[in-house]
Each structure stands twice: as structure tokens, then as C-alpha cells.
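Have the viewer open and follow along point by point.

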Amino acid sequence: MPDKVLIYSRFPKSLTQRFADRFDLLDTGGRPADEVFAVEEVAQVRALLTAGATRLGAAEMDRLPALGAIVCYGTGYDGVDLEAAAARNIAVGHSPGANAAAVADVAVMLMLASTRRLMVADAYVRDGGWAGAKPSPLMKPPPSLAGCKVGIYGMGEIGRKIAARVAAFESDVGYFSRTRYDGLPYTYFPSLGALAEWCTVLMVAVRASAETTHVVNADLLKKLGTDGHVVNISRGSVIDEQALVAALKDGTIAGAGLDVFETEPHAPDELTALPNVVVTPHIGGNTRESHVAMQACVVANLTAFFAGEKLPYAVSASSAGS
């Protein structure tokens with residue numbers, strides 16, 4: 001009889017079919033498990049599949065007394081209380097680097113769209129402004145990416161792939177990360193503030209945590225400057241959205257490219273109404289190849305757990321409390 005896996009978050013059926021071929025899935029559709037399945041059945045669940053951003057705290061874990069493994073679909077795990085999981089001897093796994101290339105592609109796409117004012121240019125053609133030779137202050141020549149200073153906040157798998165792509169535009173690349181990596185051909189800055197003062201484009205590629213919540217605030221945006229752009233493909237919580245709206249409205253910075261928001265799937269109207277913002281619906285890792293890779297990590301983690309082995313893609317213990 002196949003091992004049972006509780007689907008804790010809401011996933012499209014197309015993404016879970018590969019798991020259904022290997023395991024007996026109890027799909028909650030994103031609702032509380034005890035509202036969908038009998039209490040006795042829920043009490044026997046040993047493994048759970050979740051989206052990394054979905055909140056999963058101590059109280060939710062205690063409703064699953066037999067739970068031994070939490071497996072996140074994707075690289076993120078910020079919704080999981082790692083300390084609570086460790087206290088209950090629950091292993092936590094994810095899919096590190098599985099979608100890094102796809103997310104890096106979207107980061108560069110948003111950078112280009114923001115710095116070269118793609119949405120403004122598109123509207124200028126569609127609305128007849130170009131054909132009518134209508135003057136537009138938003139169509140003034142922007143700075144070139146060649147020689148542009150691009151700062152990357154977070155130099156993990158995604159940050160490194162962003163850096164490699166950006167370097168191909170002949171841009172100067174700098175970074176700030178909790179760890180300074182020897183051997184990288186990019187300039188390291190001792191603080192996020194120092195990086196923001198140096199760069200013109202700030203790429204946010206850091207993990208969400210209490211430490212990074214609203215770290216991109218009004219003061220940091222001022223350091224970025226009037227020609228500055230911010231691109232976020234990590235988690236919406238890293239940026240203070242109200243501060244960002246104010247900075248975009250009053251010209252503190254020039255533009256922003258955002259794939260993530262604080263309260264998804266709701267992008268604030270104040271942001272989406274602005275002409276100097278490019279937004280996408282959290283599509284960074286949404287390619288066929290990325291899903292295949294993420295699903296392979298999930299299958300490997302679940303298979304190892306039910307075999308009594310360590311998760312091959314476990315979240316490191318040092319991440320708890322970070």
C-alpha cells in the first residue's frame with residue numbers, strides 16, 4: 001500500500017500528478033486537514049507536502065502527531081517554523097537550486113523591463129504616441145546597462161546565476177550576503193547600505209526571514225538614488241511596500257520590477273497604478289524544466305523518509321532562527 005502524504009498547501013493537480021503515481025495523496029486543497037479528512041486518518045499522516053511560503057507553525061504540527069517530515073515544493077521554506085519542527089524531530093526538506101536558472105532569467109527580464117521602460121514604451125506605441133510624435137517625459141533616454149552598477153543582495157544559487165547573466169551585459173557586479181565567498185569575481189560590500197549606495201540596480205535575491213523583513217525600507221531606497229531601480233524575485237516581505245510606493249511616486253528611485261508581493265496573490269493597487277513599475281505574478285520558477293527538477297527533489301525527499309533514511313535535500317539545522 002502506498003505511503004500517505006498530506007498535501008497541505010493548494011497546488012494545481014498538474015503539479016501533483018507525479019507524486020500521485022508514487023504516494024497516496026491526501027489533498028486538503030489548502031484547507032485545514034481536519035476539515036477535509038477524518039481525525040483518525042489525519043493522525044496517521046507521517047509526511048506532508050507544502051509550499052514554502054505557507055505558514056506551518058507549532059500548532060499546525062501538533063495537529064499531526066505522527067508527522068515526521070515536511071517537504072517544501074521549491075527552494076523556499078520561510079513559512080515553516082524550523083525551531084518547532086526541530087523540537088518535534090520533524091525533518092524539513094526543500095528543492096535547493098532546482099529553479100535557480102528560471103528565477104534568474106525573470107530577474108534579468110524585470111531589470112531590462114524596468115531600466116529600459118518596457119511598459120512605457122509599449123504603451124507609447126499602442127496608444128499612438130509614437131505615430132503622433134507626442135512628447136513623453138517617460139521616454140527620455142535611460143542610462144545604459146553597459147557600465148551600470150548592479151548590486152545583488154543574497155549570493156546563493158539564484159544570486160550567482162543572476163550575477164553571471166548580468167555580467168554578460170558588461171555591467172559591474174557587486175554583492176552583499178551573510179557570507180563573503182572567496183573566488184567570486186564580484187565586489188563584496190560589507191553591508192546592504194553600502195551596496196545600495198554603490199549600485200544603480202538592486203537585485204533582491206535573499207531568503208525571507210525575520211532578519212530580512214522590510215530590510216529594503218525608505219532609508220535604503222534613498223541610498224539607491226534617483227536613477228536607481230529595485231528588482232525583487234525573492235519574497236515580498238523583504239521590501240516595505242508602502243516605502244516603495246512613496247519612493248516611486250516622489251522620484252526617490254526611478255523604477256521597480258517585482259515578481260513577488262507581501263500579500264499574494266494581491267499586488268497593491270498603489271503599486272500597479274504606477275507607470276514606473278513592472279509586475280509579474282510570482283512566475284520566477286515557473287518553467288517546465290524547473291517543475292520537473294523540483295518534483296524530483298520532492299520525490300527523493302519523500303522516498304528517503306519513508307525508507308527511514310535522511311532527506312537528501314534537507315534544510316540545514318543552522319537555518320532555524322535565521
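1. Helix H1 and helix H13 cross in a right-handed way. Bear in mind that this is a predicted model. H1 covers residues 13–20 and H13 covers residues 288–306; they pack at about 40°, their axes 10 Å apart.

2. Sorted by class, the contact of H1 with H13 has six nonpolar residues, two polar and one charged.

3. Phe 19 also turns up around Leu 25, which touches Phe 19 along with Val 5, Ile 7, Thr 16 and Ala 20, leaving aside residues up to four places away in sequence. Leu 25 sits in strand S2, residues 24–27. Is Leu 25 buried or partly exposed? With a relative accessible area of 21%, Leu 25 counts as partly exposed, because buried would need under 20%.

4. Now for the sheet. Seven strands form an open sheet with parallel pairing, in the order S8-S7-S6-S9-S10-S11-S12. S8 (187–188) and S12 (277–279) are at the edges; each has a single partner strand, so one side of each lacks a neighbour in the sheet.

5. Val 230 has Ala 256 of S11 as its bridge partner.

6. Finally, helix H8 (residues 157–167) lies across strands S6, S7 and S9, and runs at about 170° to S6.

Note on methods:
Residues numbered from 1 in each chain as written. Predicted model: local features only at pLDDT ≥ 70, side-chain atom pairs only at ≥ 80, totals over all residues. Heavy atoms only, no water. Helix = DSSP H or I, 4+ residues; strand = E, 2+ residues; numbered from the N terminus. Buried < 20%, exposed > 50% of the residue type's maximum accessible area, 1.4 Å probe, protein only. Contact = heavy atoms within 4.5 Å. Pairing = 2+ DSSP bridges. Axes fitted to C-alpha atoms, helices over the stretch in contact; angles between N-to-C directions. Left-handed = near helix turned anticlockwise from the far one by under 90°. Nonpolar A, V, L, I, M, F, W, Y, C, P; charged D, E, K, R; others polar.
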